[in-house]
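Have the viewer open as you read.

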Amino acid sequence: GRRSGGGGGEKPRKMLVSSSAGKVFQVDPYTRALEFVFELHQGPIEAIHLCPGFAVTGGADRMLRVWPLDFSAHFLEAEHEGAVTSLSSSPDGLKLLVGTSTGAIGVLDVPSQRHATLGRSHTDIIYGLAADPHNREFATASCDGTIRVWEMDGGNSQLVEFEAAIGCARCLIYHPTEHALAVGFDDGATRIFDIASTSLLQAHTPHAAPVLALAFSSAASRLFSAAADGTLVAHDSAHDYTPCRVHTASPPADLPCAPCLAVTPDGYTLVVGGLQRRAILFLDAASLLPLAAVGLNSDAAALAFGRGRALFAATTACEIVTLRLTHGESDGTAAAAGATGGGYGGGGGGGGGGGYVRGGGGLSGILSAVRGAVVTSVMSAAHTSVADALAVSPDGIMLVSAGTDTAIRMWRTADVAREGARRAPQHERYAGHTDHVTALAFSADGCTLISVGGGDAIYLWDVAAAPEAMADAMAEETVEEALRQAGAVRVRELAFLSEEAAAAVPLPTPAQVLANGLPSACNGRTSRWLSDLPDSFEDSGGNREA
């Protein structure tokens, strides 16, 4: 039971003790004698508070009751949405502060019997976080069995709550064009909720293990889900989210990170981490057929696409790796084949015909007939432990990372993506979390950063940069991208000119070859021309000669 506070005397002459049977025992603290037993609730009494002239009790039956001091009959009763777990009063006793097991805090005005909710929160670790792509709202998913939608402005109040008694909600994502949420659960189910009507639209259970990652294609034609057992499922959004494609992998049992997903901006390729040791997989988004894989020196824990063709990956070695996507050709960032590198690269391509091309300086890339990726930079010591949360600002200028070291670090994407291997550059750090940071998200306008994790708390950070600084950063990245593209074009032009120069040398006539020999500039082409001739041919007179 719980000992109550005194009603105002220096030494309380009576002590009230609540019990799990819904009873309150009145005890004399000096003689330790039990004086009275009051049966007040139908279940355990979780909170009791004394005010001048009356007493307040709250129980697991969700009831709050106000009693006279003799507990003869309650003169106020209010039912709450969860068990009443804490009580306090204003100095005059006219207002009661009430806390519930569902994470809600409210104020009850005793004279008018009106209740106002001040705030709400989750009551267990928060795994899922997503920002509305069109409004200043965001959604969270927790192991307390609820999915909640919040507003970012004003009092950050809760707008909608979905209760899911079937288990822990592990991940969620907003539909790109509709006001709906896709949520993954511990029981292997993927459920679609309509926010406006607070209703369940669809539910499918294609997985036999917890769903840990979700991603929509850019056109929202596909919803992808990844589970802890290594299965990937593509859901057809146009046909009630019916599972239409399945890719099954067998990740090692001791793989330290969960699956993570990202879809290329054009929506054609699905990028997956956490299914194969020390590798990122590229799959065709329509068929889930493997295209290629790029090797890392550690496992991928989080993925996020930046502007252009940049893909950022956080690894279990506390690195942030930058990959640049290519379209079936090297853009000059991969070095000549045959150079031996460090831990990156190695292995073979996937079913799309991709193969590895080793690069200089310990970096490598892959080439695929459909799509490839080149590792362009490796930033070490990004965190002191694994960072399994990444987010890129909508303008692509800033990259945010966080994880088990509780620190949130904000980087300029231009600094992270700068070519080469190096230690972490200067960055901005956000301190406040006391437990594992599980997810990060930017608001649609990029002015607010949301972070969630252990400790049941939701943090909103004001990250709006000065317009001049944002413009300068964007201009710098634009110039760097233009120079890179110009360099790639120049390489192709030089290659074309070399071919033209070789083609400009005329082939010698047979008489010249017999008299002077074959010029060195034409040796290769003439040899090929001669090899195409048949073993015997007819001269102009019709005679056959060997």
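Arg170 lies over the face of Tyr127, at 4.4 Å from the ring centre. There's another case of this kind at Phe185, where the charged end of Arg191 sits over the ring, 4.7 Å from its centre. Keep in mind throughout that this is a predicted model.

Now for rings against rings: the structure holds eight aromatic pairs. Take Phe38 and Phe71, whose ring planes meet at 35° with the centres 4.8 Å apart, so this pair counts as tilted. Phe38 belongs to strand S3 (residues 33-39), while Phe71 is in the loop between strand S6 (63-68) and strand S7 (76-79), so the pair ties together parts that are 33 residues apart in sequence. Both Phe38 and Phe71 are buried. They also belong to one aromatic cluster, together with Phe36 and Trp67.

Tyr430 and Trp461 make another pair, this one edge-to-face, at 5.2 Å centre to centre and 70° between the planes. Tyr430 is in strand S38 (residues 428-430) and Trp461 in strand S41 (residues 458-462), so this pair ties together parts that are 31 residues apart in sequence. Tyr430 and Trp461 are both buried.

Here are the two pairs side by side:

| Aromatic pair | Centre to centre | Angle between planes | Geometry |
|---|---|---|---|
| Phe38 and Phe71 | 4.8 Å | 35° | tilted |
| Tyr430 and Trp461 | 5.2 Å | 70° | edge-to-face |

On to the nonpolar packing. In soluble globular proteins, nonpolar side chains tend to be buried together. In this model, the largest nonpolar core has 19 residues, and the members touching the most others are Val271, Ile280, Phe282, Leu303, Leu311 and Leu323. At least two residues of this core come from each of S24, strand S26 (279-284), strand S27 (290-295), strand S28 (300-305), strand S29 (310-315), strand S30 (320-326) and strand S33 (372-380). If you centre the view on Ile280, its contacts beyond four places in sequence include Val271, Ala292, Val294, Leu303, Ala313 and Leu323. A second, separate core has 17 residues, among them Ala213, Ala234, Ala285 and Leu288.

Is Ser225 buried or exposed? Ser225 is buried, with a relative accessible area of 0%, and its place is in strand S21 (residues 222-227). Its side chain makes a polar contact with the side chain of His207, at 2.7 Å. Leaving aside neighbours within four places in sequence, Ser225 is also in contact with residues including Thr190, Val211, Ala213, Leu232, His235 and Leu261.

Leu255 is in a loop, the one between strand S23 (242-248) and strand S24 (260-263). Beyond four places in sequence, Leu255 is in contact with Gly274, Leu275, Arg277 and Asp299. Gln276 is 21 residues from Leu255 in sequence, with their C-alpha atoms 8.4 Å apart in space.

Finally, confidence. The protein averages a pLDDT of 81, and 76% of the residues score at least 70. Over residues 328-343 the pLDDT stays under 50, though the model has 32 contacts beyond four places in sequence for this stretch. Residues 466-470 also fall below 50, with three contacts in the model beyond near neighbours in sequence. Where pLDDT is low, the predicted coordinates should not be read in detail.

Note on methods:
Residues numbered from 1 in each chain as written. Predicted model: local features only at pLDDT ≥ 70, side-chain atom pairs only at ≥ 80, totals over all residues. Heavy atoms only, no water. Phe/Tyr/Trp six-rings, centres within 6.5 Å; stacked < 30°, edge-to-face > 60°. Helix = DSSP H or I, 4+ residues; strand = E, 2+ residues; numbered from the N terminus. Buried < 20%, exposed > 50% of the residue type's maximum accessible area, 1.4 Å probe, protein only. Lys NZ or Arg CZ within 6 Å of the ring centre and 35° of its normal. Contact = heavy atoms within 4.5 Å. Core = buried A, V, L, I, M, F, W, Y, C linked by side-chain atoms within 4.5 Å. Polar contact = N/O pair within 3.5 Å; in protein donor to acceptor, adjacent residues only side chain to side chain. pLDDT = per-residue confidence, 0-100.
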